[in-house]
Amino acid sequence: MSTTPFTEPAPQRLLSLVHRHGPLTRAEIGRRLELARSATGVAITELEQLGLIQCGPPVESPRRLGRPSPQVSVQPRPRVLAAQVRSRALTIAAVGLGRAITDRTEVALPPEERTPEAVADKLAELARPLLRRYPGLTGLAIALPAVLDAPNGQIHAAFHLGWTDVPFKKLLAERLPGLALYPCNDGHLAALAESRHGAAQQARVAVVLGSDDVGIGGGLVQHGVTFDGSAGHALEAGHLQLDTTEPTRCPCGATSCFETQADARALLKHAGVPFTDTTDPSAAVAAVLADPAQTAAIQATADRIGAGLAVLVTLLNPDLVILTGQLAAMHDAPGARERILAGMETSHVARIHPVPLTTAALPAPVLLGAAELALAPLLSAPRTATTATG
């Protein structure tokens, strides 16, 4: 997704650095990018003129001699739209550099409004006022719980929405003509965000596993680059086939998928809580996790999360595993982390090379990953992108 820093012009490198790690002093920027003071100044001036960064008052440091260095930060105004489609809800927000989220809106998707056309209608309805409010937004990235051809926006299957062979990008383009559209798998976007801004920034190989609704998605990041596979379908982790004494049919057609044993539906099944088409998975999971009488259900689900991670660790040999969404909530329940780790360590790879297990460092990794995707043209060519949008 990016070249090595020394093949990129200084303004691009500087903008990416401040976007991901700012605010930073001018002196710190020069040290990190190995730029001469004059070259740092030229790059800062260019990006200031483009309205992408701003310089604040100098920062006093008792440990440094000489003149205080000005503080450099991004201009946080909205640049793109980011959306997340789930099986029961839709979220959209305007997002700027430096993870600045503005005007975030979430709406429920009742069963009758979950068709591709209805979701496209709702996305366009929510996007139009934001496009009017913030002129110059450069694109909309959409995180989808789907197996899809991301460049063409063709959804092959979105099991929990009941979609098959949907030209979703085309549907949106008809409703939002002229707007750059970036559909992508939600698990891959969560991994992208955590690698750029969150817990995976220092990891060489990180597996990110999450569940924001029903089902389980995942992403793999290696040296800061997401691994998408030959057709963009890599790490469909929820559909790993795991041994189980209670096989449950998955919407994908199989009967022993990881997600049927370890997502919200599985936890609620263990807890004896009914799950219907109108159930709010997040609220139902939170209620179970807060109930001291549900220890057995939590432990059973934690064991299955660990079993799935054992397979992933054996196959991928990561140096970090990150859980997001409801999986992170389950991890944080009393006693659950120990059982997840015990399950993961049945992998001989994990025993030889212990793998740290943590939860997401970002409050909305999928949405921020979508924003990161939409911001990519601006970050890679700031002058071209800002000129194109006025």
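Cys250 is buried, with a relative accessible area of 3%; buried denotes under 20% relative accessible area, exposed over 50%, and partly exposed the range in between (1.4 Å probe, protein chains only). The model is predicted, so local features require pLDDT of at least 70 and side-chain atom pairs pLDDT 80 or more, while totals for chains, interfaces and linings use all residues. Residues are numbered from 1 along each chain as its sequence is written, and side-chain values use heavy atoms, with hydrogens and water left out.

**Cysteines**

- The closest cysteine sulfur to that of Cys250 belongs to Cys252, at 3.7 Å, which is too far for a bond.
- Cys55 is partly exposed, with a relative accessible area of 36%.

- Gln261 is part of helix α7, residues 258-262; helices (H or I, at least four residues) are DSSP runs, as are strands (E, at least two), numbered from the N terminus.
- Gln261 is buried, its relative accessible area being 6%.
- The Gln261 side chain makes a polar contact with the side chain of Arg304 at 2.6 Å. Such a contact is a pair of N or O atoms within 3.5 Å; within protein, one must be able to donate a hydrogen and the other to accept it, and residues adjacent in sequence count only if both atoms are side-chain atoms.
- The side chain of Gln261 also reaches the backbone oxygen of Leu242, at 3.4 Å.
- Leaving aside residues up to four places away in sequence, Gln261 touches (heavy atoms within 4.5 Å) residues including Asp243, Thr244, Ser256, Ala266 and Thr301.

**Helix α6**

- The twelve residues of α6 (residues 186-197) should span 16 Å at 1.5 Å a residue, and the end C-alpha atoms are 16 Å apart, in agreement; the expected span is 1.5 Å times one less than the number of residues.
- Twelve of the twelve residues of α6 are buried, among them His188, Glu194 and Arg196.
- A side-chain oxygen of Asn185 comes to within 2.9 Å of the backbone nitrogen of Gly187 at the start of α6.

**Packing of α1 and α14**

- The axes of α1 (residues 10-21) and α14 (residues 365-380) come within 9 Å and cross at roughly 145 degrees. Axes are lines fitted to C-alpha atoms, for helices over the stretch in contact, with angles from 0 to 180 degrees between N-to-C directions.
- From α1, Gln12, Leu15, Ser16 and His19 meet Glu372, Leu375, Leu378, Leu379 and Ser380 of α14.
- The residues of this contact comprise four nonpolar, four polar and one charged.

Definitions and conventions. Disulfide = S-S within 2.5 Å. Nonpolar A, V, L, I, M, F, W, Y, C, P; charged D, E, K, R; others polar.
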